[in-house]
Each structure stands twice: as C-alpha cells, then as structure tokens.
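I am opening a notebook page on this structure. My plan is to look up how the chains meet, then what surrounds the ligand.

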Amino acid sequence: MSESAIHVENIRKRYGAVEVLRGVTLQVKASSFTTVIGKSGSGKSTLLGMIGGLEQPDEGRISVLGKDISTLSSDQLAHLRRRSIGIVFQGFNLIPSLTAIENVQLPAAFEDRATATHRRRRAEALLGKVGLADRFHHRPAALSGGEQQRVAIARALINEPAILLADEPTGNLDEATGAAVLDLLLGLCRDTGVTLVAVTHDPDIAATADRVIEIKDGRYQV
Amino acid sequence: MDRWRYVARELRHRSGRSLATAAGIAVAVLAAVLLAALANSYSRALEAPMKTVGADVIVQLTGDIPPKLEGLVFPHPNALLPAKAVAGIRKEPGVVSVTRAVYLWELAPDHYQSVLGLEAGETGLDGLNGRLLQGRPLRAGDHAALLDSDFAGKNGLKAGDDIVVGGDRLPVAGIVDAARGGKVVRADVYLPLAVSQALAAAAPQVQALYAFGADDANMLLVKADRRRMEAVVERIKQLVGKKAIVSSEISFRETLESALFLSERMGLVLSLVVAVFAVAFVLRATASAVNERRREMAVLQALGWRWRDVHRQVLLENTVLALTGTLAGLALAAFAAWAIGNIEVTMEMPWDLSSTPHFIPEAAVDRRQSVTVPPQLAWQVLAAAGLGGIFAGAISALAALSTRRPQPWSLLRSE
Ligand SMILES: Nc1ncnc2c1ncn2[C@@H]1O[C@H](COP(=O)(O)OP(=O)(O)OP(=O)(O)O)[C@@H](O)[C@H]1O
Ligand SMILES: [Mg+2]
C-alpha cells in the first residue's frame with residue numbers, strides 16, 4: 001500500500017501573465033487521505049484539474065496509477081477518469097434535467113459489464129449510504145445544497161474509483177453539514193481503500209488528514 | 001439510466017426549446033411537401049388538355065379566310081396540310097403514330113356546327129368510341145356520325161336520328177361525351193375521315209382556297225416519344241413550314257405559364273422561403289441549445305464520457321426532435337392535402353385550339369378550361385421530405401457541435 005497513486009513532478013502552469021504553479025512536485029500514497037490547502041487563487045483547483053486530466057500543465061509530468069497522463073489521448077483520459085478517478089467539484093455540477101439516482105448513474109452509462117439493474121442497485125446503495133434513500137427521484141433543483149453535494153459524492157463513487165478528487169466538498173455548506181459530509185466522504189474512502197485528495201480551507205479538516213499540502217507562491221510547501 | 005432516458009429527460013426539461021425546434025422542422029417539412037404537391041398539380045394540369053385529346057402533338061397550318069363565310073369552311077388555323085409534310089412527319093424518329101383529321105365549320109345564317117373527321121386509331125375514332133354514352137361505335141368505313149352530348153342535348157338529337165352535314169344526311173350512330181374532357185379539338189359532329197374528306201373536297205368555300213383532294217387532311221394528331229418531344233416538335237415545324245401551328249405540352253407551357261402561373265409561382269416561392277427560414281431557425285435554435293449546455297457537456301467529459309459520447313448524445317437528442325417534427329410535418333401535409341381537396345387550375349386555351357369560331361358571340365367567351373387535379377403526395381416526395389427533415393436536425397446538431405470543442409476545465413472551474 002505504500003506505492004504512490006499520484007506522482008506530480010515539477011509542474012508549471014501559467015495563465016496569461018500569472019504563473020499559477022511554479023514547479024510543484026508531490027507524491028500521494030495509495031489509500032491515503034491528503035488535503036490541499038492554500039489561499040484563494042493559489043492554484044488548488046488547477047492542481048486537482050491537472051491530476052484529473054482535465055487541464056494540461058505547461059511543463060512537468062503527472063503520473064496517475066503508474067500512467068504518465070501527458071501521453072494519453074483525450075479518449076484515453078476519459079477512460080481513465082471513468083474507471084479510476086472520481087471527481088467532486090467545487091460547484092456541484094449536477095445535471096439539472098436528471099433525478100438524483102439518474103445523476104449518480106451517469107458516469108456508469110457506458111459500463112458494458114454492468115447491466116442496467118446492477119448499475120441501478122449500486123446507485124441506490126450509494127445514495128442510501130449518503131443518507132438520501134428518500135430522495136432518489138428528486139431533481140437537483142428540489143434538493144438542498146448539502147443534499148446536492150452528497151449526490152455529487154455518490155456520483156463520483158459509482159464506478160468504484162481508485163482515486164477521489166474532491167474540490168472543497170464542504171465549501172458551500174454550513175459548518176454542521178460540512179462536517180457531516182466530510183465524515184461521510186472519509187468513511188466511504190477508508191472503507192474501500194480509495195485514495196482521497198481533498199481541497200479545503202478548513203484547518204480542522206486538514207488536521208484529520210494523513211498529509212497536508214499547502215500551496216503558496218505557486219509552490220508546494222511542507 | 002441509459003442514453004434514451006437521458007434524451008427524454010433533457011428534451012422534456014427544455015420543453016419550450018424542444019417544441020420550437022420540432023415545430024421548425026415540421027413547418028419546413030410541411031412547406032416542402034406542399035410545395036412539391038402544388039408543383040406536381042400544376043404540371044399535371046398543364047398536361048391535361050393534351051391528354052384529353054389523346055395526342056401529344058397537334059399539327060395545324062394557318063390558312064386564309066374564305067371569300068364567303070357560308071357552308072363548310074376550314075377554320076382559320078386549319079389550312080390544307082401538304083401530303084409531303086404528312087408523309088415526312090410519319091417517318092420522323094420519335095413519332096409513334098399519326099392520325100389524320102379534317103376539321104370543318106359549317107356556317108348557316110341560323111346555326112353553326114363544328115365537324116371533325118377522324119381516322120381509326122387510338123387518338124382517332126377508337127379513343128372517341130371509348131367515350132360512348134349511347135348508340136354504337138363509329139367505324140372507319142361507316143357512313144354515319146357521332147354527336148357530342150352537349151350538342152345532341154341542345155338540338156334534341158339521339159342515336160338513330162339523322163343529321164345533315166354539308167347537305168349530306170347521315171344516321172347518328174351514337175352520342176359521346178368528348179366535350180366534357182376538355183375544350184381542345186372537340187367538335188359537335190364526329191365523322192369517319194373518308195366522309196369528312198369527301199365533304200371538304202365538295203365544299204365550294206374550301207375549294208376556293210385549297211386544292212383539297214379526297215385523301216387530304218388539315219389537322220394531325222401525333223403521338224410521340226415523350227423523351228424526344230422537343231426534337232419532334234422542332235422537326236414538325238420545319239416540315240410544315242413557317243405557318244405551322246404545333247401545339248404540345250411545350251407550347252402550352254410557353255403560352256400559359258407566364259400569365260397564368262404568376263400567382264401560383266408566388267405560392268411556390270413563399271413555400272420555399274418558409275422552408276428555408278424554418279431550417280435556418282432550427283440551425284440557430286440548435287446552436288444556442290448546444291451553447292447553453294457547454295458546461296453540462298464539460299461535466300459529462302469530467303465524469304468519463306468521451307467527446308464522441310457527448311457528441312452522440314446531442315445528436316441523438318436532435319434526431320429525436322427532428323423525427324418528431326418530421327412526422328408531425330408529414331401528418332400536417334397529409335391533412336392539408338386532404339383539406340385542400342382538389343386544386344382547380346383554370347387555363348385560357350390558345351385560340352388555335354378553340355373548337356368554336358371566335359366570331360360566334362356565344363362561343364367567344366368560352367375558351368377557358370378548368371382542370372381539377374387532386375394534390376398528389378408522391379411517396380418519393382414524402383420520403384425525401386422526411387429524410388430532409390431528419391437530416392436538417394442531424395446536420396444542425398453537427399454544425400453546432402463542430403464550432404467548438406469545449407475545453408472542459410475552463411467551464412468547470414468557474415461556479
Ligand atoms: N482557465 C483559466 N483561465 C485563466 N485563469 C485561470 C484559469 N484557471 C485558473 N485561473 C487562474 O489561476 C489562479 C488559480 O486558480 P484556482 O481556481 O486553481 O485557485 P484556487 O486555489 O482553487 O482558488 P479558490 O480557493 O478560490 O477556489 C486564479 O488566479 C485563476 O484566476
Ligand atoms: Mg478552487
């Protein structure tokens with residue numbers, strides 16, 4: 001369990017005149033809980049997006065589960081995300097036309113080995129675990145912020161990913177709800193050995209992590 | 001949750017936009033189908049006058065006015081056709097058959113009748129016999145006549161009575177309803193060609209102008225290979241000479257189209273404009289729908305959908321809309337065709353083909369022919385419009401998607 005699930009090597013990223021990341025290097029151990037902290041605008045979301053293959057670094061290399069993702073085509077990246085990486089966004093990014101249970105099943109829409117009923121059962125089980133057993137058929141508009149965030153967490157876990165990237169999963173929630181959601185997230189990941197990387201502003205959350213990474217001045221600080 | 005469920009949800013979620021897009025396609029399909037049906041009706045209406053005669057080409061030659069307007073005369077557009085020209089036309093490639101005819105007017109101070117002598121044949125006596133209402137058919141060797149039903153009615157004549165033509169008393173073999181079919185080359189009295197030739201040869205006002213022999217004719221009804229129609233018409237004009245009057249579908253088109261079809265043309269142009277605007281509307285609506293969903297498409301990509309999966313989803317949605325719109329359009333077109341019932345096209349016959357002398361006052365007004373054609377929805381048109389509608393939907397989706405392939409990250413990071 002000690003091999004690294006994520007290996008970031010000296011990446012740089014510039015947006016216009018601003019160099020957001022100036023040579024970040026870090027390794028994340030499999031099945032560990034890592035938090036990323038830093039000031040607003042320091043590049044936390046950018047780093048997460050790059051690990052998820054949604055954004056390319058200007059320089060440097062990122063390996064995920066032993067694969068150098070800069071060599072992958074966009075289809076291969078999609079495949080990697082579908083199979084191995086769950087992403088929870090800073091905004092919930094649920095599909096407004098779909099119900100909770102349908103949103104959760106969305107990433108599994110192409111899993112050929114999963115039959116429709118199997119997929120549905122898994123989605124029901126996940127929604128049950130996040131405490132939304134009575135909200136299967138609600139649209140996002142009919143759910144509270146905390147409920148939406150929990151649907152997003154269930155959605156990120158539907159394909160049983162090895163890695164879960166969570167960008168401020170509690171940022172939009174009040175303190176109590178935020179704590180509950182985080183507990184849930186941690187519980188789910190610990191149970192299944194998922195590598196969890198979560199961005200947070202909350203020092204209390206950061207304190208519970210196996211490891212805290214602070215981004216400052218475009219660099220990773222211990 | 002599968003693709004189809006997602007398609008249904010998405011379309012329902014944006015029901016206003018879905019409806020507008022489907023309606024746009026329905027309008028385009030409706031306009032296109034009606035356009036084709038109208039165009040088809042008009043061109044069938046143009047063929048109708050010639051069809052009622054049974055000939056493809058009618059050949060006449062402009063003649064002179066006889067010194068006295070009395071007894072049997074040739075109508076003004078019917079001069080003696082040179083036998084050489086007739087023989088030449090017969091040999092022309094593309095000419096299937098030639099039926100000779102003699103067309104006469106009999107003028108008396110108190111009455112008038114038009115007389116047409118015909119050879120045997122499909123465009124001649126046989127065709128006429130096919131429209132028999134009472135009595136018996138007329139054969140080439142008979143010394144008898146067939147009467148037009150209107151004429152017979154007006155004069156109280158029936159099969160078995162006698163009629164006098166140019167002083168020759170003939171038994172009435174039967175009554176035909178040729179007049180009802182059209183106003184082209186119809187007559188009050190129909191005779192076998194030989195009888196009419198003998199009458200013309202003996203008529204002083206004919207002989208005053210032409211050396212009409214016992215085997216001459218002043219009108220030809222020609223059946224031609226329709227694919228070679230234009231060439232045949234050209235050759236006939238050359239053979240008969242400058243004064244030839246050659247009527248065919250082509251000449252009908254030329255003389256009737258300009259004046260008569262102006263209003264209908266407007267209808268066609270309008271349908272075309274509607275179809276074009278509807279398609280443009282669908283294109284725009286799809287483009288903005290796709291634009292609105294860029295973020296959603298980025299989310300799907302982040303969840304592991306390949307771009308081609310996203311692509312297919314949008315294509316599927318639009319195709320479903322297009323299919324719905326197309327079916328609605330076709331149904332509306334069928335309903336519209338049924339509601340319109342028949343399209344009536346009224347045409348003014350060229351003077352040359354009018355069966356009554358223009359100087360007879362009661363006849364002068366009646367050179368118009370109304371042709372009623374049901375709007376025809378050919379399956380090819382329906383299939384083409386159907387495919388076109390679905391194609392328009394798919395193409396607009398592809399066009400909207402091709403403009404930009406979104407970079408998912410730039411859309412996802414902003415809340
Ligand atoms: N696609 C982009 N185009 C232009 N600038 C960008 C883009 N992505 C990020 N940036 C800029 O890079 C910087 C870092 O952005 P990022 O979203 O990673 O910050 P963050 O650490 O997640 O902040 P926050 O805590 O507010 O979420 C910001 O200044 C942002 O404006
Ligand atoms: Mg952020």
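**Entry 1: the interface.** I looked up the area first. Chain A and chain B bury about 2,600 Å² between them, 58% of it on carbon and sulfur atoms. I take buried area as the accessible area (1.4 Å probe) that two parts lose on being put together, summed over both.

I note that this is a predicted model: local features need pLDDT of at least 70, side-chain atom pairs count only at pLDDT 80 or more, and totals for chains, interfaces and linings use all residues. Residues are numbered from 1 along each chain as its sequence is written, chains are lettered from A and ligands numbered from 1 in the order in which they are written, and side-chain values use heavy atoms, with hydrogens and water left out.

How many residues does each chain bring to the contact? I find 29 residues from chain A and 27 residues from chain B, where contact means heavy atoms within 4.5 Å.

**Entry 2: pairs across the interface.** I searched for salt bridges (a side-chain nitrogen of Lys or Arg within 4 Å of a carboxyl oxygen of Asp or Glu). The rule finds three between chain A and chain B. One I looked up is Arg5(B) with Glu102(A), whose closest N and O atoms are 2.6 Å apart.

On the chain A side, α1 (44-51), α2 (74-84) and α3 (100-105) each supply at least two of the residues that touch chain B. Helices here are DSSP runs (H or I, at least four residues), numbered from the N terminus. The largest share, five residues, comes from α2(A). By class, I recorded 12 nonpolar, nine polar and eight charged residues on this side of chain A; Asp, Glu, Lys and Arg count as charged, and Gly goes with the polar ones.

**Entry 3: ligand 1.** Where does ligand 1 lie? I find it between chains A and B. Of the 14 residues around ligand 1 (a heavy atom within 4 Å), those that come nearest are Ser40(A), Lys44(A), Ser45(A), Thr46(A) and Arg413(B).

I then looked up single distances. A backbone N or O atom of Gly43(A) is 2.9 Å from an oxygen atom of ligand 1. For Gln90(A), a side-chain N or O atom is 3.0 Å from an oxygen atom of the ligand. Tyr15(A) has a polar side-chain atom 3.5 Å from a nitrogen atom of ligand 1.

The shell around ligand 1 has two nonpolar, eight polar and four charged residues. α1(A) gives the most to this shell, with three residues.

Conventions
A polar contact is a pair of N or O atoms within 3.5 Å; within protein, one must be able to donate a hydrogen and the other to accept it, and residues adjacent in sequence count only if both atoms are side-chain atoms.
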